Amino acid sequence: MNLERKANLAVGKPVNRVDGRLKVTGAAPFSAEYPLPGLLHAVLVQSTIARGTIRSVDAEAARRAPGVVAVYTHEDAPKLIPTGAPGLTNPGGIGSIVPLQGPEVYFVGQHIGLVVADTLERAQYAASLVRFAYDATPARTRFDRELVNARPPKDMMGAPPESRHGDAEAALSAAEVKVDHTYTTPFEHHNPIEPHSITASWDGGKLTAYNATQQITGNRLNLAKTLGIPAADVRVISRFVGGGFGCKGRSWPHIALAGMASRHLGRPVRLSLKRSQLFTSNGYRSPTIQRVALGASRDGTLRALLHTGATLTSEKDDFVEIFTKGTHHMYECHDVKTSQVMARLNVPVPWFMRAPGESPGTFALESAVDELACALKMDPIALRVKNEPEKDPGDGRPFSSRSLLACFEQGAKRFGWDRRTAEPRSMRDGRYLVGMGVAAATHPVHQMPSSARVRLSIDGSALVQTGGQEMGMGLATVMTQLSADLLGLTPEKVRFELGDSEFPNAAIAGGSMQTVSVGSSVQAACAKLIAGLLELVARDDSPLKGAKPDEVEAAGGGLYRKDDSSKGETYAEILRRHRMESLDVEAGGTPPAEARKYSMHSYGAQFAEVRVDPELGEVRLSRFLGVFGCGTILNAKTARSQMIGGITMGVGMALMEETHLDPASGKFVNDNLAEYLVPTHADIPAIDAFFVDEHDPISPLGAKGIGEIGIVGVAAAVANAVYHATGRRIRDLPITPEKLL
Ligand code: MOS
């Protein structure tokens, strides 16, 4: 089926969300909103020391408290089976610390008790009564002090921790112009508005878990594994998710506890984390310390590129924030070195957070490129044009598509970049210093196997199902559009269902890959459905008799011959004649084999304008424009929305977001939304975002994935604008007033 041939398609249009009304009226249920009869409420008790052993537990007062049904600690909790740490082969793994299975404590906030009561308030009160005595041992709580012990990680998602091309050190020392600086980014927490929640319920030996997750398949497998039952006996339902940004993309230990307690008590159990627990229970972005050194000839040709540094992980589990991931393919350069080391601290394990790697990595790299432009007295966009590669300089593969320069060119025009005067502190608006900055954005194109089911009914409607997730991206909307086009139906005739592990397996809603992954399975299922219909009519006297799939077109609720559109019939006619109520098919989509031959990434250009108060050091964003090349845009409205959301989060990263780890206690101290600052409406001007015209010839649907690229490069664009406004280069995020004074 060739989508381009047909007029009046739904794909690409700014279609409203099919679930928009449900969402704005509050009728879209989150995982903690399923009212089950006999529901019990569970509350976590967490460790208050960073390292040591639990010496004793006193749970008597909690057990006697009103309404309490059970108190579990490592002394009496039912057995949970280790699932292994998350990795490429088991992305949903619960990790090395299986909760309540032993007295060892590895970080503040580790789950060490679970209290279950008839109401949430009674469970919370009883949880406050459980007393633990510890034998504490010295803990590692300072990233800077642990750097001496930092080691290269075993691998970085299959890539080695160090990569060399040519001799970057020699090229750097020989370069005519060079910049060489250290950039740092802090602990950052995802902070979705919906807290992680699970409602677990058993029927016979089977578990149903309403669970806030980006990954129902991984949750199903790991719940089954840790509870020792077959995966077929676990059903995970997650119809609407109130934000994830990565932190719902894993099977966190609390879900095992909810499943355990519900089975043990024979009643449904709901466990919803409170905001402070979201700072210890579901990952965060590791802080980074990054060195970027760039060497260039006087004409701006890049001669040397070094990007090295450190991240941290927990004592028991590895996770690497791969900040050098995007560096290899950005600029033409012969002599390149990247390397990363990882320190181990007594902290919870970090995890993927929106554009993991690229997000902190581009803050350093794109700040450094700006610094090089200043040193060369060259326009920062011109410097990027000068060093634009023909093919991937890292591995020599051709780019499947790359519109970085188009993004800069069209963005510069729209943003009015030519109004910028090059000299720092040269632009003013009354008492405010005005600055304009740019940075490049990039995000890899990922795809994972997915499956979809399509039921075509005699009333001419289609039901499409897949176990995907909706957490704001608009999967149901886009897949409704796509299915309608593929089947020649109006979107009103298509119903798309997701968020249930009874549906065919879908890729994780992460890595900006869900739309392409699920989309290619919907494409395969619709193709299989049409082939099935043609098989049916091959045995009767249909005008379609003998037609092959590529000889027909789906349109107007039926199939018609391409060479003679008067020959064909509706789906209803075909099904009625064959006395069928419906035709059902299921099919899978996998990444195309030729994808391996290409370097596949989305690119973008971020433009920031700031006003800085010279006396108070306060930075206000006044304008922002993001321009992106992400392949075919399947829904102009939801796609743009995602970019605006990503940019907003990037502004938070630039100016506000930072979690403080108190080295004395090992505790994240600002574990609330009053002290962990994220942008509010008053902080964000009208953000502008658009996509350049691009179609990727390799990726299914021509689409490359959107969502995460929105945040990439934003912090650098803001930092570069702050430099332009003030002449002060801030290399340590976030850019708070005290750093500018
Ligand atoms: Mo995203 S960090 O891949 O959910």
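Author: Two strands pair if DSSP finds at least two bridges between them. Helices (H or I, at least four residues) and strands (E, at least two) are DSSP runs, numbered from the N terminus. This is a predicted model, in which local features need pLDDT of at least 70, side-chain atom pairs count only at pLDDT 80 or more, and totals for chains, interfaces and linings use all residues. Residues are numbered from 1 along each chain as its sequence is written, and side-chain values use heavy atoms, with hydrogens and water left out.

Reader: What is the strand order in the open sheet of 5 strands?

Author: The order is β16-β17-β25-β26-β29, and the pairing is mixed. β16 (428-429) and β29 (687-691) each have a single partner strand, so they are the edges, and one side of each lacks a neighbour in the sheet.

Reader: In which sense do β26 and β29 pair?

Author: Strand β26 (residues 619-629) pairs with β29 in the parallel sense, over 5 bridges. In that pairing F624 is opposite I687 of β29.

Reader: How many bridges join β21 to β22?

Author: There are 4 bridges between β21 (residues 552-555) and β22 (residues 558-561), and the two strands run antiparallel. A555 has G558 in β22 as its bridge partner. The hairpin has 2 residues between the strands, and G556 takes a positive phi near 55 degrees.

Reader: How is a helix length checked, and what does α14 give?

Author: The expected span is 1.5 Å times one less than the number of residues. Helix α14 (residues 636-655) has 20 residues and should span 28 Å; its end C-alpha atoms are 29 Å apart, which agrees. At the start of α14, a side-chain oxygen of N635 comes to within 2.9 Å of the backbone nitrogen of K637. A polar contact is a pair of N or O atoms within 3.5 Å; within protein, one must be able to donate a hydrogen and the other to accept it, and residues adjacent in sequence count only if both atoms are side-chain atoms.

Reader: How many aromatic pairs does the structure hold?

Author: Rings of Phe, Tyr and Trp (its six-membered ring) pair if their centres lie within 6.5 Å; planes under 30 degrees apart count as stacked, over 60 as edge-to-face and the rest as tilted. The structure holds 16 such pairs. For F132 and Y134 the centres are 6.4 Å apart and the planes at 25 degrees, so this pair is stacked. Y284 and F668 form an edge-to-face pair, at 5.7 Å centre to centre and 65 degrees between the planes. That pair links distant parts of the chain, 384 residues apart: Y284 is in the loop between β12 (269-272) and β13 (288-296), and F668 is in strand β28 (residues 667-668). One aromatic cluster is formed by W252, F319, W351 and F352.

Reader: Are Y284 and F668 buried or exposed?

Author: Buried means under 20% relative accessible area, exposed over 50%, and partly exposed in between (1.4 Å probe, protein chains only). Y284 has 0% and is therefore buried; F668 has 4% and is buried. T680, in the loop between β28 and β29, is partly exposed at 46%.

Reader: Which residues is S367 in contact with, leaving aside neighbours within four places in sequence?

Author: Contact means heavy atoms within 4.5 Å. S367 is found in helix α8 (residues 358-376) and is buried, with a relative accessible area of 1%. With those neighbours left aside, its contacts are Y183, T362, A716, A719, N720 and R729.

Reader: Which ring does R729 lie over?

Author: A charge sits over a ring if NZ of Lys or CZ of Arg is within 6 Å of the ring centre and within 35 degrees of the ring normal. R729 lies over the face of Y723, at 4.1 Å from the ring centre.
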